[in-house]
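Here are my notes for your read-through. Please keep the structure open as you go.

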Amino acid sequence: MQLFYAPRSPFSRKILATIVELDLTAQVSLVRVDPWTDETLRRHNPACKVPTLLLHDSSALFDSPVIARYLDALSGHTLIPSGPQTWDALRREALGDALAEAVIRRFVDQLGPRDDRLERVVARQEAAIFTILDRLEAAPEWMSAPTDLGHLAIACALDYFDGRSPELAWSARRRLLATWFYDFRGRPSMRIAADPTTGTFRTNDRAIPLVEV
């Protein structure tokens, strides 16, 4: 399989971390791509977005929740627990993805000229960001649960948030969440997701280099 990814994308990082956690690196090769400028991705994903997973039969999966579910099923359902815990894990994945989307939207919208409409859009994204963070902080039981897809989505979103919008200083008032995150991002899967060249992705039983597109 081939994973088309962008290094900074929190959704790409979520899938990279998922691959490492599931011990599937031997089955995936990486294709680094800039979805904003490289139209070659569009022949696999009409939306031209990352991550996109090209399967053995040349069909493609896109959108990180879909890819994550496919990979989890391929590995024997390791990161999506069964029973009532399923919905808690997927709810937290959705919160992590929503956090990442709000951070991206806030950053992109701030690049344009400021007007009343834009101020309202930015304020709406910030309301989503802070409400998600406060909810995660207020119910910390999930932090000590076995690692699942929800943990990865939240951690990758927070890692992106830290790098993209440090001026919001989210961790100052959320000590439990900050303590969990700064510990969790030391996991091998998170370190490799941040820099895939530090890991070994294999295909056909041989090591392959990172492909630059």
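1. Start with one term. A residue counts as buried when its relative accessible area is under 20%. By that rule, the buried residues of helix 4 are Leu118, Val121, Val122, Gln125, Ile129, Ile132, Leu133, Leu136 and Glu137. Keep in mind that this is a predicted model.

2. What covers those buried residues of helix 4? The cover includes helix 3 (85-109), helix 5 and helix 6.

3. Next, the length of helix 4. Helix 4 runs over residues 116-138 and has 23 residues. From first C-alpha to last, helix 4 reaches 32 Å. That is close to the 33 Å expected at 1.5 Å a residue.

4. Now look at the start of helix 4. Asp115 sits in the loop between helix 3 and helix 4. A side-chain oxygen of Asp115 comes to within 3.2 Å of the backbone nitrogen of Arg117. A polar atom of the Asp115 side chain also lies 2.7 Å from the backbone nitrogen of Leu118. Asp115 counts as partly exposed, because its relative accessibility is 36%.

5. Turn to helix 5 (residues 149-164) and helix 6 (residues 175-184). Their axes come within 10 Å and cross at roughly 95°. Angles of 65 to 115 degrees count as roughly perpendicular, so helix 5 is roughly perpendicular to helix 6.

6. Which residues make this contact? Helix 5 supplies His151, Leu152, Ile154, Ala155, Leu158, Asp159 and Asp162. Helix 6 supplies Leu177, Trp180, Phe181, Tyr182 and Phe184. The residues of this contact divide into 9 nonpolar, 1 polar and 2 charged.

Notes: Residues numbered from 1 in each chain as written. Predicted model: local features only at pLDDT ≥ 70, side-chain atom pairs only at ≥ 80, totals over all residues. Heavy atoms only, no water. Axes fitted to C-alpha atoms, helices over the stretch in contact; angles between N-to-C directions. Helix = DSSP H or I, 4+ residues; strand = E, 2+ residues; numbered from the N terminus. Parallel < 35°, antiparallel > 145°, perpendicular 65-115°, else oblique. Contact = heavy atoms within 4.5 Å. Nonpolar A, V, L, I, M, F, W, Y, C, P; charged D, E, K, R; others polar. Expected span 1.5 Å × (residues − 1). Buried < 20%, exposed > 50% of the residue type's maximum accessible area, 1.4 Å probe, protein only. Polar contact = N/O pair within 3.5 Å; in protein donor to acceptor, adjacent residues only side chain to side chain.
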